[in-house]
Amino acid sequence: MAVIGLKNFYVAQIISDDENGTVYDTPRKIDKAMNISVTPNTNSATLYGDDQAQEIVEELESVDVEISTNDLSLEDYAFLLGKEVNDDGGVIDSANDDAPYVAFGYEMPLSKGGKQLTWLYKGKFGIPSESGQTKQGSPEFQTPTISATFIPRSSDGKWRYRIRTNETNQSIIDNWFNEVQEYPNTP
């Protein structure tokens with residue numbers, strides 16, 4: 001089934017991730033989704049014997065994620081990058097800021113109905129580049145892009161969970177963005 005859209009970007013801060021499990025804060029919606037790119041990075045090794053490949057081992061190293069939104073409010077910017085918003089609504093960037101680990105969720109409508117819902121479990125967003133261009137006749141939108149690197153969770157090595165709504169229990173679908181979803185999930 002082909003993907004025909006993208007919407008509903010959500011993030012949830014990780015409270016803890018250790019041998020006792022992973023605990024997330026309540027997810028919060030960020031601005032309107034425009035684009036997403038999810039690129040797993042793997043390391044692989046091939047074992048040879050008798051002049052041919054005998055075995056291949058592949059391991060996930062990290063996952064590069066890049067998202068574009070209609071806007072990245074200063075509040076969302078501060079949340080994703082571990083910065084503070086002062087009483088005037090301003091954000092100061094400091095060399096000592098430490099972006100929190102977060103889970104990231106999103107929705108992709110499918111061509112034959114239904115949607116694919118995804119949670120990436122543990123990642124950090126990086127400081128986005130900033131650019132602008134003067135008006136040249138007709139208006140041209142200039143929207144923000146921000147990148148993150150996701151890794152497997154410390155608690156269990158999982159890095160992503162996704163479902164297709166036409167194959168899944170409706171109660172899971174209805175609550176998908178109310179909390180970070182886990183597999184197996186019982187209604």
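Mentor: This is a predicted model, and it holds 8 aromatic pairs. Start with Phe 104 and Tyr 106. Their rings form a tilted pair, with centres 5.9 Å apart and 35° between the planes. That angle counts as tilted because edge-to-face needs over 60 degrees and stacked needs under 30. Phe 104 is buried, and Tyr 106 is buried too.

Now stay on Phe 104 and turn to Phe 125. Here the pair is edge-to-face: 6.0 Å from centre to centre, with the planes at 70°. This pair links distant parts of the chain. Phe 104 belongs to strand S6 (residues 102-109), while Phe 125 belongs to strand S7 (residues 115-125). The two are 21 residues apart. Both of these Phe residues are buried.

Ring pairs join Phe 9, Phe 104, Tyr 106, Phe 125 and Phe 150 into a cluster. So much for rings with rings.

Rings also meet charges. The charged end of Lys 124 sits over the ring of Tyr 101, at 4.8 Å from its centre. Arg 28 does likewise with Phe 79: Arg 28 lies over the face of that ring, 4.3 Å from the ring centre.

What covers them? Just after H1 comes Gly 82, with a positive phi of about 70°.

That brings up the backbone. Most residues other than glycine have a negative phi. Two residues here are worth a look on that count. Asn 8 is not a glycine, yet its phi is positive, about 60°. Asn 8 is found in strand S1 (residues 7-18). Asp 50 is not a glycine either, and its phi is positive at about 50°. Asp 50 sits in the loop between strand S4 (33-49) and strand S5 (52-69). Is Asp 50 buried or exposed? Asp 50 is exposed, with a relative accessible area of 76%.

Conventions: Residues numbered from 1 in each chain as written. Predicted model: local features only at pLDDT ≥ 70, side-chain atom pairs only at ≥ 80, totals over all residues. Heavy atoms only, no water. Phe/Tyr/Trp six-rings, centres within 6.5 Å; stacked < 30°, edge-to-face > 60°. Buried < 20%, exposed > 50% of the residue type's maximum accessible area, 1.4 Å probe, protein only. Helix = DSSP H or I, 4+ residues; strand = E, 2+ residues; numbered from the N terminus. Lys NZ or Arg CZ within 6 Å of the ring centre and 35° of its normal.
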